[in-house]
Amino acid sequence: MNVDKLPNLGPKSTAWLNNIGIYTRAELHAVGPITAMIRLERAGHTSSLNMLYALVGALEGGHWQEIAHTRKGELVLALDAARELEKLNF
């Protein structure tokens with residue numbers, strides 16, 4: 001399924017994902033939402049945590065606002081850790 005058909009992802013987020021080589025749900029799943037966010041940032045797209053939640057919701061088939069607060073906290077910590085690793089790799 002193409003990412004433009006997934007919940008939570010509109011034309012702008014779909015274009016951003018396409019820009020980093022993610023066109024399908026399978027590709028998004030393989031990369032994962034955290035790595036997708038890092039790649040978006042690396043490509044110069046300024047995205048918010050709502051984008052992270054939208055990616056997770058898209059993969060899980062639910063609305064991004066339905067993600068539990070504890071899960072959101074875990075996602076933020078994982079994204080922060082990935083960003084720190086990204087800094088070390090450059």
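## Model and secondary structure

Helices here are DSSP runs of H or I with at least four residues, and they are numbered from the N terminus. The segment before α1 is the part of the chain that holds N8. The model is predicted.

The protein has five helices and zero strands. Along the sequence the pattern reads α-α-α-α-α.

## Overall dimensions

The C-alpha trace spans about 35 × 30 × 20 Å along its principal axes. A compact globule of 90 residues would have a radius of gyration near 12 Å, and the protein, with 12 Å, therefore agrees with that expectation.

Of the 90 residues, 39% count as buried. Contacts between residues at least 6 apart in sequence include a share of 47% that joins residues at least 24 apart.

In soluble globular proteins, nonpolar side chains tend to be buried together. Here the largest nonpolar core has 25 residues, and L9, L17 and L55 are those with the most contacts inside it. At least two residues of this core come from each of α1 (11–19), α3 (33–42), α4 and α5. The largest share, eight residues, is supplied by α4.

L9 can be followed through its contacts. Leaving aside residues up to four places away in sequence, L9 touches V3, D4, T14, L17, A54, L55 and A58. Two of these partners, L17 and L55, are listed with L9 as the residues with the most contacts inside the core.

## Packing of α4 against α5

Helix α4 covers residues 49–60 and helix α5 covers residues 69–88. Their axes lie 11 Å apart, and the two helices pack at an angle of about 115°. The crossing of α4 past α5 is right-handed.

On the α4 side, the residues in contact are L49, L52, Y53, V56 and E60; on the α5 side, they are R71, K72, L75, V76 and L79. By class, this contact contains seven nonpolar residues, three charged residues and no polar ones.

## Backbone at N8

Which residue has a positive phi although it is not a glycine? That residue is N8, with a phi of about 80°.

Terms used
Residues numbered from 1 in each chain as written. Predicted model: local features only at pLDDT ≥ 70, side-chain atom pairs only at ≥ 80, totals over all residues. Heavy atoms only, no water. Axes fitted to C-alpha atoms, helices over the stretch in contact; angles between N-to-C directions. Left-handed = near helix turned anticlockwise from the far one by under 90°. Contact = heavy atoms within 4.5 Å. Nonpolar A, V, L, I, M, F, W, Y, C, P; charged D, E, K, R; others polar. Core = buried A, V, L, I, M, F, W, Y, C linked by side-chain atoms within 4.5 Å. Buried < 20%, exposed > 50% of the residue type's maximum accessible area, 1.4 Å probe, protein only. Rg over C-alpha atoms; globule rule 2.2 N^0.38 Å.
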